[in-house]
Amino acid sequence: MDSISLIGMASIFTAGITIAIGAIGPALGEGRAVAQGLASIAQQPDETNSITRTLFVGLAMIESTAIYCFVISMILIFANPFWDHVIKAGG
Amino acid sequence: MDFMSLKEISPDQVVFWQWGWFSINATIAFTWGVMAFMVIGSWLITRRLSSGPKMSRWQNLLEVLVEGMRNQIRDISQEEPDSYLYFIGTVFLFILISNFLSVVPGYVAPTASLSTTAALAICVFVAVPVYGVMSLGVLGYLKEYVKPTPLMLPFNVIGELSRTLALAVRLFGNIMSGMKIVAILLAITPLIFPIVMHLLGLLTGTIQAYIFAVLAMVYIASATRAHREKEIEDKEKGEES
């Protein structure tokens, strides 16, 4: 197998695996966080404002791990440096 | 009117005009657009302000925005918001407007480029020690790094750097992913679904602007907090004696 098809195959496979695994963890975490946040709002409706704000900030923190995985898979598919190098070297 | 093809993940790669080593790419051009929009807009609105009960609807909009930002900053920092409003408010409004304008056809949000978001994150990275030194003094601020023990020094430094990186990549990833999803859907189902994803993109754009500003405020507040806690302690001691 030549290097172009090897790199293409590895990049696409890795991009899929990256976003798949990277979506599982944050999804579980965000589910827990939202469930807990809703329970707290139900218990203390007066504190809705500060609970919602903290919840949003926390969700963004959790979500950023998924975003990192997404950025990595985007780079692998659209801006893969190894792919560009091989294409350039091959002419 | 589409400057970016599906294969480009950053508007930095779209060069409008080049002269020697000096080039103007889509990020710079649209950042200038957003800046001009904000400056001209606020100049037009604040040209004739009224303090009476009758005011223009645009003045009302600006008052709601500024008052909302002041309230949020007051909630988070537990201090008077005036010294923070300039920085946090500017960052928030810039991100918000550059995300909102993405409904304009042909516009590419400058926040979809890692350069813009990295610049904003570096501003926060610089603002944290500036505000910290302003309230604690140089030694007092540097002392925060060796708390609770000097063993934590490398972790505190790494934490400072990694949260800057996280700020930049979070904003970039969210806006860029929204743009890419719309572009991919345009190729597959061009009728209704891109509009729905655009709506979702507006929502994420607002939330990301809010989160960026809140996180910047939280970081700054954590750098100035020790000072305030000490002040409160002193006041309590003074009341006791």
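How many residues does the largest nonpolar core have, and which residues have the most contacts inside it?

A: This is a predicted model, in which local features need pLDDT of at least 70 and side-chain atom pairs count only at pLDDT 80 or more, whereas totals for chains, interfaces and linings use all residues. Residues are numbered from 1 along each chain as its sequence is written, while chains are lettered from A and ligands numbered from 1 in the order in which they are written.

The largest nonpolar core has 47 residues, and those with the most contacts inside it are B:Ile88, B:Val91, B:Phe172, B:Phe212, B:Ala213, B:Ala216 and B:Met217. Elements giving two or more residues to this core are helix H2 (48–78) of chain A and, from chain B, helix H1 (26–46), H2, helix H3 (82–100), helix H4 (114–136), H6 and H7. H7(B) provides the largest share of this core, nine residues. A nonpolar core here is a set of buried Ala, Val, Leu, Ile, Met, Phe, Trp, Tyr and Cys residues joined through C-beta atoms within 7 Å. A residue is buried if 20 or more other C-beta atoms lie within 10 Å of its own, exposed if 12 or fewer, and partly exposed in between, with C-beta atoms placed from the backbone. Helices (H or I, at least four residues) and strands (E, at least two) are DSSP runs numbered from the N terminus.

In H2(B), the buried residues are B:Gln72, B:Ile73, B:Ile76 and B:Ser77. They lie on the same side of H2(B) because they cover an arc of only 115° around the axis, the arc being that of the directions from the helix axis to the C-beta atoms. On the face turned away from the buried side, H2(B) carries the exposed residues B:Arg57, B:Asn60, B:Glu63, B:Val64, B:Glu67 and B:Asn71.

H2(B) is followed by B:Gln78, found in the loop between H2 and H3 of chain B. Phi of B:Gln78 is near 55°, a positive value in a residue other than glycine. B:Gln78 counts as exposed because it has 11 C-beta neighbours inside 10 Å.

Chain A has three helices and zero strands, and 13% of its 91 residues count as buried. The contact between the chains takes twelve residues from chain B and twelve residues from chain A. Helix H6 (153–188) and helix H7 (193–240) of chain B each supply at least two residues of the side of chain B that touches chain A, and the largest share of that side, six residues, comes from H6(B).

Notes:
Contact = placed C-beta atoms within 7 Å.
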